[in-house]
Amino acid sequence: MLNVFARVQVNRVTEPVGRWLVARGVAPDVVTVIGTVGSVAAALWFLPRDELFVGAVVVTLFVLLDLVDGAMARARGYSTPFGAVLDSTCDRIADGALFAGLTWWCLGAGEERVLGIAALLCLVSGQLVSYIKARAEGAGLSADGGLVERAERLIVALVGTGLHGLGVPYALHVALWLLAAASVWTVGQRIAAVHRSARDAAAGTNASDTTPPDPAPNP
């Protein structure tokens, strides 16, 4: 949803930053790795120690670098296959670390074992949403869209974590259970999209197979 409604506004902020970094010789892959290492370290250090607000703020700052590396690639005028794979891989690592840190907090300092189920559902379903799209595209199919993609997952999780850290009651509970349900729904949406894409591809192949050949030209 955010890809549709917020991309233009976000680009207005990230494009100048991307151009500024490229002009100083910084590579997009370096920014990608720094953002991932920082977000993973913050998620696994602050969240299990019950420092939820600080953890949410620091993770957010590093996650925002993920927006900058794409702007840098556009400012440079090209992207590389390795950079695309690195970016996707680092996204999965950062997402996994965030929900692993929240699960760790639920089962440890937070003493919220039932909420830990929601955090695990978010972790697994979030990885599945991304995997289904990647696997479909590798097979020549489409699996775009869905109720919650990466941006929505991060915003809901980090806002809920930060508010809980500030003492807002049940903020994290609402965020994680809502996100768990929406992520599972999105998995179903992606599978349905792949099914439609495969059906359309098969229909197109069958149609081309049954098309009669062009008549031979008159001698």
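The UniProt annotation "active site", from an unreviewed entry, covers D91; such positions follow the numbering used here, feature names are shortened, and annotations may be inferred rather than shown by experiment. The model is predicted: local features need pLDDT of at least 70, side-chain atom pairs count only at pLDDT 80 or more, and totals for chains, interfaces and linings use all residues. Residues are numbered from 1 along each chain as its sequence is written, and side-chain values use heavy atoms, with hydrogens and water left out.

**D91 and D95 in helix α6**

- D91 is found in helix α6, and D95 also has its place in helix α6 (residues 81-107); helices are DSSP runs of H or I with at least four residues, numbered from the N terminus.
- D91 is buried, with a relative accessible area of 10%, where buried means under 20% (1.4 Å probe, protein chains only).
- D95 is buried, at 5% relative accessible area.
- Leaving aside residues up to four places away in sequence, D91 touches D66 and R150; contact means heavy atoms within 4.5 Å.
- With the same exclusion, D95 touches Q127, R150, R153 and L154.

**Packing of helices α3 and α4**

- Helix α3 (residues 28-46) packs against helix α4 (residues 52-63) at an angle of about 170°, their axes 8 Å apart; axes are lines fitted to C-alpha atoms over the stretch in contact, and angles run from 0 to 180 degrees between N-to-C directions.
- The angle therefore makes α3 roughly antiparallel to α4, a label for angles over 145 degrees.
- I34, G35, G38, S39, A42, A43 and F46 of α3 meet V54, G55, V58, V59, F62 and V63 of α4.

Key. Helices (H or I, at least four residues) and strands (E, at least two) are DSSP runs, numbered from the N terminus. Angles under 35 degrees count as roughly parallel, over 145 as roughly antiparallel, 65 to 115 as roughly perpendicular and the rest as oblique. Buried means under 20% relative accessible area, exposed over 50%, partly exposed in between (1.4 Å probe, protein chains only).
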